[in-house]
Amino acid sequence: MKPPIGIYGGTFDPIHYGHLRPNLELCEVLGLDHVRFIPAFLPPHRNNPVTQVEHRLEMVALAIESEPSFVLDDREITRGGSSYMLDTLKSLRQDFSDSPLCLLMGMDAFSGIENWYHWQELLNYAHIIVSQRPDTDFHAQELWSDSLSAFYQEHKYQKCKTGSKNIHNSLCGKIQLETVTQLSISATDIRDRLKNKQSIRFLVPESIINLIECYNLYN
Ligand code: ATP
């Protein structure tokens, strides 16, 4: 079996260091071949992005261009319509039939996964890696519904169980929690700062700040 591939979807409106650093750590710690950044065309479970898709795509491309283990994947944009992750995973499975797929998401996203289209089927195509996000995460499990807790209990990866399936020896089906360096950055906060004419230096790469200025985004 080939090494696992990380799958990272988001609106990236704009992309920030809270997206970049945790995924680099996950790539190293999980031994991923690479991480595919997949900007959503129309996110079905949240408000539409503020910024048009071409600019979000360009920002992601620019932010990851210097990191060889990060790859831009525009399949949700090319596909158009609502960007259901299940459809994305099905198409990735066709392209990468021998590679485990690891759907990477923050705890906030996982806590709301029951709202995703056919959420329980996601594990038929990928593992789910949940990274701990600042402030909200340590007690997040206490707030999960019974069905989400049962889903996690049934599929969670137990490190000490001998012979158990893990993300390197099976294509899909496990849920794994990982702790990453905590960066309390959100795109919402960045958009608010820009609206209030505050600096966003050191929250996003300098090249992204230049692009935002160049296109006059988030005013
Ligand atoms: P917004 O504030 O507009 O909701 P966001 O900053 O949460 O945006 P998204 O593009 O919606 O970013 O998130 C995509 C993925 O990135 C989600 O899985 C989310 O949990 C994760 N994520 C976002 N910010 C962080 C962060 N600071 N640390 C770890 N994961 C993050």
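**View 1. Val35 and the residues around it.** Leaving out residues up to four places away in sequence, Val35 is in contact with Gly6, Tyr8, Asn23, Cys27, Ser69, Phe70, Val71 and Leu104 (contact means heavy atoms within 4.5 Å). This is a predicted model, where local features need pLDDT of at least 70 and side-chain atom pairs count only at pLDDT 80 or more, while totals for chains, interfaces and linings use all residues. Residues are numbered from 1 along each chain as its sequence is written, and side-chain values use heavy atoms, with hydrogens and water left out.

**View 2. The largest nonpolar core.** Here are 32 residues, and Ile15, Val35, Phe37, Met59, Leu104, Ile200 and Ile212 touch the most other members. A nonpolar core is a set of buried Ala, Val, Leu, Ile, Met, Phe, Trp, Tyr and Cys residues joined through side-chain atoms within 4.5 Å; buried means under 20% relative accessible area, with a 1.4 Å probe and protein chains only. Another core, of 27 residues, lies apart from this one and includes Ile38, Leu101, Leu122 and Leu148.

**View 3. The open sheet.** Six strands line up as S3-S2-S1-S4-S5-S6, with parallel pairing (strands are DSSP E runs of at least two residues, numbered from the N terminus; two of them pair if DSSP finds at least two bridges between them). Strand S3 (70-72) and strand S6 (175-178) sit at the edges with a single partner strand each, so one side of each has no neighbour in the sheet.

**View 4. Where S1 meets S2.** Strand S1 (residues 5-10) and S2 pair in the parallel sense over six bridges. Look for Gly9, which stands opposite Ile38 in S2.

How values were computed: Buried < 20%, exposed > 50% of the residue type's maximum accessible area, 1.4 Å probe, protein only. Helix = DSSP H or I, 4+ residues; strand = E, 2+ residues; numbered from the N terminus.
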